[in-house]
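Please open the structure in a viewer and keep the selection tool at hand.

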Amino acid sequence: MLCGYCGVMVGLECCCPLAPMRSDPRVREAAARGDLGTVLRQVRANTTPRLTQKDLATITGLSQGSISRLESGRHLLLSDARKLRRALEGLGLSPSDPAPVVEVPRPSREAAPVAPLGVDQTSWEIGGAMRALSTVLEYGPTRRQVMSLAGAAAVGQVTQWALAEDPPAHATEAQEPGGDALVRRLADSVNHLRMADAQGGASPALRALGQTQLEFLHQLLRNGGHGATQQRQLLRVTAELAGQMGWMAVDAGEDRAPHMLLAALRTAHAADDPILGAGIISYLAVHAYSQGQGREAALMASTALHRLGTQAPPAVRCMLLIRQARGHAVAGQERQARTALEEAFTVFDPQAPAPRWLYWVDTGELHGQAGSALYELGHAEEALGHAERAVVGYRPECVRNQASAQLRAARSLVGMGEVDQACVRAHQALDQVEELNSVRTTGQVGTLLEDLAPYADRPGVVEIGERVVPILGSQEVARVLA
């Protein structure tokens, strides 16, 4: 990491005014929670010579106006994770500093003590899966626990999954009466939840329904009395539901998202389903690159690909390759991103069978993710071409994905200087966004509005600003377009 002030590798010979601030506990703690406003205030108040807002704009890559709003508290949150990471790295800091210790929450009277996730090999057995599910069902993660699964720590968990011993094989035994029917009904309920999420987003009501179903499955497994085959089937359904709940937590911006996904990963391993495990890791990768952790996301996807080897169906391999490409793009690694995208297009086969939970890997998703990666890399015109194909390629039920593709197209048009056309696309996207409950999609609307801010006096942009007030809030819209 190079110091944004003097250009010297941080930790070696850097002796500029920023150097003492990097060891200040207040600054490191604020950086760890992504509180850039506090970092800037501390830096400005305690550096000698005192840095100006113009100096900080140069160091962080942000505009002087953004520096002013963050420092004054008028801009409480930098919503673009990539910009946040770059700004902190320019200061010689990281959103993952310091690395906190995992704390075990106090159990309720009814619950047995719960071990922290991933402390030993036994956590990848059935008992470990049950303990992990107990953790995410009964407790909200603390801030330290949330930070403990950032970046390299999450990669370490994925590596453990790849190296964990396979569950012991069991001879097939006769099914208990009604056992198959029960598993089918449970699996169908998970699929209904999945499709409701695709159409309307991760609403609080939908997440509450999923929570209830997951608690039922968890209790069913804890009660025991199942044959080995049925137990494994129940574990697989539980892993699918926990993975879906983890994804909905990502979409809703919940802190427990990585914890839920790692509990799902353990459950998939206990069910002896590495392909489902790889699907869960793809959600972890999305969470990582959405936080600006591109290299970590790419490494997770690559690890899953190596773990599956020739086991990976074409759709699963394609899914992991586009996650890898997105991670490389966020990290600014264009050659690696393009290589992964080319391979994803090569292996994609719409006629090949795929797991039911992978319904969303289609032509639209492939082009949509390619467009996002190329936009991250600064190729707006290429990104627009892919976004156009994504809009018509997504299935009708994938409303959230269609809205995201329209928003990507609008951002690409802004990048090309076609502001009026971008506003037309923005209206088309908002027709769908208004029906969704998705924090991630709302964040994309906010990012588009920031892109349009330099053109705030244009009638089309004024209309967009008025229309997004119910989505973003009047204060946020006023702040962005000020």
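For residue classes, Ala, Val, Leu, Ile, Met, Phe, Trp, Tyr, Cys and Pro count as nonpolar, Asp, Glu, Lys and Arg as charged, and the others, Gly among them, as polar. The model is predicted: local features need pLDDT of at least 70, side-chain atom pairs count only at pLDDT 80 or more, and totals for chains, interfaces and linings use all residues. Residues are numbered from 1 along each chain as its sequence is written, and side-chain values use heavy atoms, with hydrogens and water left out.

A cavity is a set of points, on a 1 Å grid over the protein atoms alone, where a 1.4 Å probe fits but cannot get out; its lining residues have an atom within 4 Å of a point. Points are joined across faces, edges and corners, and the volume is the space filled by probe spheres set on them. The whole structure holds 5 cavities of 30 Å³ or more.

First, select Trp 247, Arg 323, Glu 365, Arg 400 and Asn 401, which lie nearest the centre of the largest cavity among its 25 lining residues. Its volume is about 330 Å³. The lining comprises 10 nonpolar, 6 polar and 9 charged residues.

Next, colour α19 (399-415), one of the helices that each supply at least two lining residues. Helices here are DSSP runs (H or I, at least four residues), numbered from the N terminus. The largest share of this lining, 5 residues, comes from α19.

Finally, select Arg 194, Glu 240, Tyr 283 and Trp 357, which are among the residues lining the second largest cavity. This cavity has a volume of about 70 Å³.

Conventions: On a 1 Å grid over the protein atoms alone, a cavity is a set of points where a 1.4 Å probe fits but cannot get out, and a pocket is an open set with protein on both sides within 12 Å along at least five of seven lines; lining residues have an atom within 4 Å of a point.
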